[in-house]
Amino acid sequence: MVRIALAMLSAVLGASMALAPASAETGVSDHEIVIGAFGVLTGPVYNYGKTAFDGAEVIYNEVNAAGGIDGRKIRFVREDDQCKPDVAVPAVRKLIYDDKVFMINGGACSNAALAAMPEIVRAEIPWVITDATAPELTAPPKPFIFTTFQVGWMETVAQLQRALELGGKKIAIVRQHDAWAASRYQPLLDAMAKGGIKPVADEEVAPDVADTTAVALRVQASGADSVLLLLFPQAATVFMRDTYKIGYKPMVIGGSPLGDVGDMQKAIGIPGATARFEGLAPTKALDDPAVQKYAPLVKKYFPNAELTPWHLVGIATAQFVVAALKQAGPDLTRAKLDTVLATMSLTPDVYAGPIKCTPTDHQCYRTVAWYGMVDGKLKQVGETTLP
Amino acid sequence: MVALGLVVVYRSTGHINFAHGELFMIGSFLAYSFITQFHMVYAAALLLAVVLTFLLGAATDRFVYRRLARSHDTTLVLATVGLSFLLKGISRFFWGGRGEYLTIPPIVDPAPVFVFGIPVLAQQLIVLAAAILIMLACLLFFRMTLAGKMMQAVAENPLAAYLAGIRVEQVRTWTWGAGAAVAGAAGVLIAPLSLLTPDMGFSLLIKAFAATVLGGLGSVAGAIVGGFCVGLIESLAGGYVSSSLQDVSAFIIIMIVLIIRPSGLFSAYRLRRA
Amino acid sequence: MNASARLIAVCFVLAALLPLVANRYTMFVGNAMLVQIILAVGLNLLVGHAGLLAFVNGALFGVGAYAAALLRDSLHWPYWLALPAAGLVAMVIGVAVALPALRLYGLYLALATVAFAQFALWAFMHWDAVTGGPSGLKVPPIDFSPLPVSPGLGQYYLSLLVALAICWLTHNMLRSRIGRAFVAIRESETAAEAMAIDVTRTKTLAYALAALYAGIAGGLFAPLLGLVVPESYDLFQVVFQFAMVVVGGLGSLLGSVLGAALMVWLQEGLRAFKDLQEIAFGGLILLTVLFLPGGVAGLLRTRLGWREALHRPVRTR
């Protein structure tokens with residue numbers, strides 16, 4: 001009932017606002033630009049959403065402190081999709097029709113982002129993807145939709161390359177039973193086939209699996225010397241713990257969810273468990289001076305937080321958005337922003353490589369850095385650029 | 001062990017507690033806090049967590065179930081379902097900040113010891129030993145001690161027990177507490193071996209149900225045997241058939257047993273009619 | 001019409017007027033409420049009126065959604081055929097599960113149906129060939145031609161009409177012999193048998209109806225969301241549905257309607273706080289059971305004297 005009352009009230013207000021002179025574009029007014037973000041704010045993988053959005057908010061706040069863009073301050077609105085597609089659909093509708101955002105800088109979980117996509121396409125609203133890696137979002141390229149994070153197949157191909165680089169001969173795959181892993185599994189198999197390699201073991205586990213002893217035993221029995229993980233941190237932690245338990249110590253290569261190896265090590269809790277573990281991330285190392293300069297900024301706006309790679313993801317994507325908005329100029333419309341984004345390029349100081357979009361390629365980022373534990377400290381140990 | 005707690009409660013109150021799994025989960029999380037934040041020794045953490053879960057179980061009886069003692073079965077089950085979600089949400093709130101899963105640092109050296117080529121963890125042996133001790137203690141308690149016999153009396157025939165001078169309601173509260181304590185202990189024992197998440201309660205609950213149903217809902221020995229069976233079936237299914245089958249074997253066991261032989265293997269009770 | 005029925009009618013009139021002032025987001029919420037009303041009515045029939053504590057509704061909701069999506073997708077059935085068919089599929093499966101469950105009572109029934117619900121969820125997740133596994137199935141919007149309505153508006157009014165029809169049907173059923181039979185078996189099966197009520201048939205009917213409604217609700221929900229994914233039909237959904245009927249009022253049609261509207265509204269309000277959602281719903285169920293056993297409808301009954309067919313106070317032993 002209240003909702004209906006509110007709806008009627010907003011209809012009346014909306015009608016009265018239509019009479020006042022204002023910018024013709026939704027979400028843009030003389031004094032502000034509204035940027036929306038939908039993503040996972042709560043739950044096991046909240047880092048991909050909440051922490052990244054915190055990083056983005058740091059940049060947006062700094063821009064506001066410096067006077068905004070063409071005199072407009074950025075208002076950043078977040079909606080939680082809990083990494084679930086059925087929550088993402090109403091969340092993104094709320095962003096577009098209730099919060100009335102100008103553009104979206106969000107999308108953290110692939111499944112949820114895919115579910116939200118039809119609604120975003122329908123509204124013709126610019127969307128710069130923060131870290132959802134489903135390739136279908138940006139290929140074939142659609143107007144308005146761009147990503148500043150590497151895409152699923154890039155990660156698994158990089159994982160394979162890394163394993164081979166490190167001398168792996170017998171490669172096993174452990175993946176989770178969900179859409180995220182499924183979309184990057186086939187490209188991995190294709191890449192392996194092209195190189196004439198067959199996986200010696202191929203295991204599937206539930207994302208919330210509690211015990212992977214049987215899986216670890218089977219992989220060990222296959223004689224694999226390297227294991228490629230297409231897993232999220234929870235399953236990966238269980239797997240690493242179980243391989244340690246059975247005394248099996250292969251080389252283990254993980255994707256972007258496992259890039260914070262220090263975090264993984266803490267979660268596993270057994271000293272030395274990640275001695276032969278590497279994960280990837282688009283970001284530079286935390287002790288890099290270019291990165292460290294953001295640490296006090298994060299503390300300024302989020303006093304309880306420590307700088308993590310996921311903050312950096314948000315920082316990079318927000319910097320890209322700000323640069324595009326600045327280039328679009330004071331006469332800001334969605335169509336104009338789309339044109340600017342289609343040829344935008346920027347090398348954020350916290351990313352390992354450049355973000356570069358072209359009209360035919362909206363998957364704008366292709367450089368990943370490898371991280372492992374060296375002498376008990378997280379260090380960058382390599383880099384790969386995808387074609 | 002969790003099944004044991006369920007059975008203990010069922011025998012004296014005739015009710016199944018849906019929130020039982022959450023008591024297990026809270027035991028684990030409490031132990032986590034004690035060990036990592038207060039730096040307690042494992043044994044002390046175990047003891048304290050058990051005491052607290054006992055109190056939690058007793059409290060829920062005192063404040064929740066006693067009020068509902070006269071209601072329809074449905075109401076009580078609904079109350080426990082609501083409680084289970086409430087506890088889950090509260091745990092998620094307190095402990096869920098770090099991405100929702102936690103690990104307890106290993107108590108003993110986690111390197112496996114190879115016995116006849118099979119890797120064995122010291123922690124697993126500790127759990128096994130402790131579980132056996134506790135289960136023996138429970139069996140003895142029910143058979144030998146006065147308190148145990150009082151609980152049985154209350155379960156069999158509350159009216160008669162009342163007439164015999166037993167304070168039925170108090171005994172009930174103690175029983176809920178005891179069942180909760182056993183679950184909490186199970187949680188603490190398993191904690192160093194697995195990840196702690198707020199959702200772990202439910203999956204354990206289902207397995208405990210499977211164990212109790214298999215063994216027979218009223219039987220303590222049945223719960224123990226049932227527990228072993230379920231564990232065995234799960235591992236075999238997971239190992240030889242498919243990993244995905246591991247999760248679901250508990251459900252299949254429950255469904256099959258309830259259809260074919262609802263009274264389970266050992267049951268001393270028949271199904272009661274409404 | 002008595003006061004309860006009038007309130008239900010008012011709710012539907014308001015719902016019919018909503019599209020005039022709503023944006024796409026509010027329409028989604030309104031449509032979701034209507035779908036949940038259908039679910040709640042079915043569940044209340046089963047648990048409230050017939051007293052059968054079965055947790056199957058979540059799974060059957062999912063079955064309806066998947067069935068509707070598959071019939072349109074693979075067999076290319078038009079939606080107006082797929083929707084009732086989805087309801088029937090859910091009904092068949094519901095009855096199939098009910099038959100062994102007929103012998104079970106109280107907590108055994110609860111246990112078995114919880115196990116079935118989890119099994120169904122597992123099947124949705126792993127039967128990739130049919131259900132699309134974890135990615136689920138995409139569901140295209142419904143084309144309402146030759147009627148000149150957009151899919152969004154059309155879906156909304158379709159849900160409204162179906163919900164209205166189901167409420168009206170249930171209202172009449174509760175005043176008939178069938179309704180009285182449900183309540184009779186809830187109160188005492190032995191007594192019911194003594195009055196020549198076929199207990200087995202009545203129970204099966206209760207399951208069948210709840211399943212049918214759940215299946216239809218699923219068929220309406222799928223195109224609303226635009227996809228069918230296993231996570232939508234998990235344990236939280238079950239607790240949510242129970243919260244609807246418990247807080248609304250077990251054994252009351254008005255309770256189903258009010259409870260559904262209230263819970264969906266609460267869920268949207270707590271959108272940002274997943275942690276609080278669990279606490280809220282679990283706590284609500286607990287508090288209602290403890291302090292307000294009849295739910296909102298019970299309150300209206302005792303305080304305002306609003307009577308409804310077969311709405312009895314909560315039974316005490």
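The legends below accompany close-up views of a predicted model.

**View 1. The largest nonpolar core and the surroundings of Leu325(A).**
The largest nonpolar core of the predicted model comprises 242 residues, and Trp127(A) and Leu325(A) are the residues with the most contacts inside it. The element that gives the most to this core is helix α2 of chain C, spanning residues 24–49, which supplies 17 residues. When residues up to four places away in sequence are left out, Leu325(A) touches Ile33(A), Ile35(A), Ile69(A), Phe102(A), Met103(A), Leu332(A) and Leu337(A).

Helix α2 of chain A covers residues 46–65, and its 20 residues reach 27 Å from the first C-alpha to the last, close to the 28 Å expected at 1.5 Å a residue. Because 14 of its 20 residues are buried, α2(A) is largely enclosed by the rest of the structure. With a relative accessible area of 43%, Asp70(A) is partly exposed.

**View 2. Salt bridges that join chain C to chain A.**
Over all chains the structure holds 20 salt bridges, and this view shows a pair formed by Asp234(C) and Lys84(A), whose closest N and O atoms are 3.8 Å apart. Asp234(C) lies in the loop between β2 (227–228) and α11 (235–248) of chain C, whereas Lys84(A) lies in the loop between β2 (73–80) and α3 (85–98) of chain A, so the pair joins two chains. Both Asp234(C) and Lys84(A) are buried. Another salt bridge is formed by Arg24(C) and Glu119(A), with the closest N and O atoms 2.7 Å apart. Since Arg24(C) belongs to helix α2 of chain C and Glu119(A) to helix α4 (residues 110–123) of chain A, this pair too joins two chains. Glu119(A) is buried, its relative accessible area being 8%.

The side chains of Glu204(A) and Arg175(A) meet in a salt bridge with an N to O distance of 3.3 Å. Glu204(A) sits in strand β7 (residues 201–205) and Arg175(A) in strand β6 (residues 171–176) of chain A, so that the pair, 29 residues apart, links distant parts of the chain. Glu204(A) is partly exposed at a relative accessible area of 31%, while Arg175(A), at 16%, is buried. Elsewhere, Lys50(A), Asp54(A), Glu57(A) and Arg78(A) are joined into one network by salt bridges that share partners.

Chain B contains 11 helices and 2 strands, which run from the N terminus in the order α-α-α-α-β-β-α-α-α-α-α-α-α. Of its 274 residues, 55% count as buried, and the chain exposes about 11800 Å², of which carbon and sulfur atoms supply 70%. Among contacts in chain B between residues at least 6 apart in sequence, 72% join residues at least 24 apart. Leu48(B), Val51(B), Leu52(B) and Leu55(B) make a nonpolar surface patch of about 300 Å². Leu48(B) lies in helix α3 (residues 42–65) of chain B and is partly exposed, with a relative accessible area of 32%. In an α-helix there are 3.6 residues a turn, so residues three or four places apart point the same way. By contrast, helix α8 of chain B is mostly covered, with 17 of its 23 residues buried. The end C-alpha atoms of α8(B), which runs over residues 168–190, are 33 Å apart, in agreement with the 33 Å that its 23 residues should span at 1.5 Å a residue.

Most residues other than glycine have a negative phi, and most peptide bonds are trans. The peptide bond joining Ala139(A) and Pro140(A) is cis, with omega about 0 degrees, and Pro140(A) lies in the loop between β4 (127–129) and β5 (145–147) of chain A. In chain C, His76(C) has a positive phi, near 55 degrees, in a residue other than glycine. His76(C) is placed in the loop between α3 (57–73) and α4 (79–101) of chain C, and at 63% relative accessibility it counts as exposed.

Terms used. Residues are numbered from 1 along each chain as its sequence is written. Chains are lettered from A and ligands numbered from 1 in the order in which they are written. This is a predicted model: local features need pLDDT of at least 70, side-chain atom pairs count only at pLDDT 80 or more; totals for chains, interfaces and linings use all residues. Side-chain values use heavy atoms; hydrogens and water are left out. A nonpolar core is a set of buried Ala, Val, Leu, Ile, Met, Phe, Trp, Tyr and Cys residues joined through side-chain atoms within 4.5 Å. Buried means under 20% relative accessible area, exposed over 50%, partly exposed in between (1.4 Å probe, protein chains only). Helices (H or I, at least four residues) and strands (E, at least two) are DSSP runs, numbered from the N terminus. Contact means heavy atoms within 4.5 Å. The expected span of a helix is 1.5 Å times one less than its number of residues. Accessible areas come from the Shrake-Rupley method with a 1.4 Å probe; for residues, only the protein chains shown count as cover. Patches are made of residues with over 30% relative accessible area and no salt bridge: like charges are joined within 9 Å, nonpolar side chains (Val, Leu, Ile, Met, Phe, Trp, Tyr) within 5 Å. A salt bridge is a side-chain nitrogen of Lys or Arg within 4 Å of a carboxyl oxygen of Asp or Glu.
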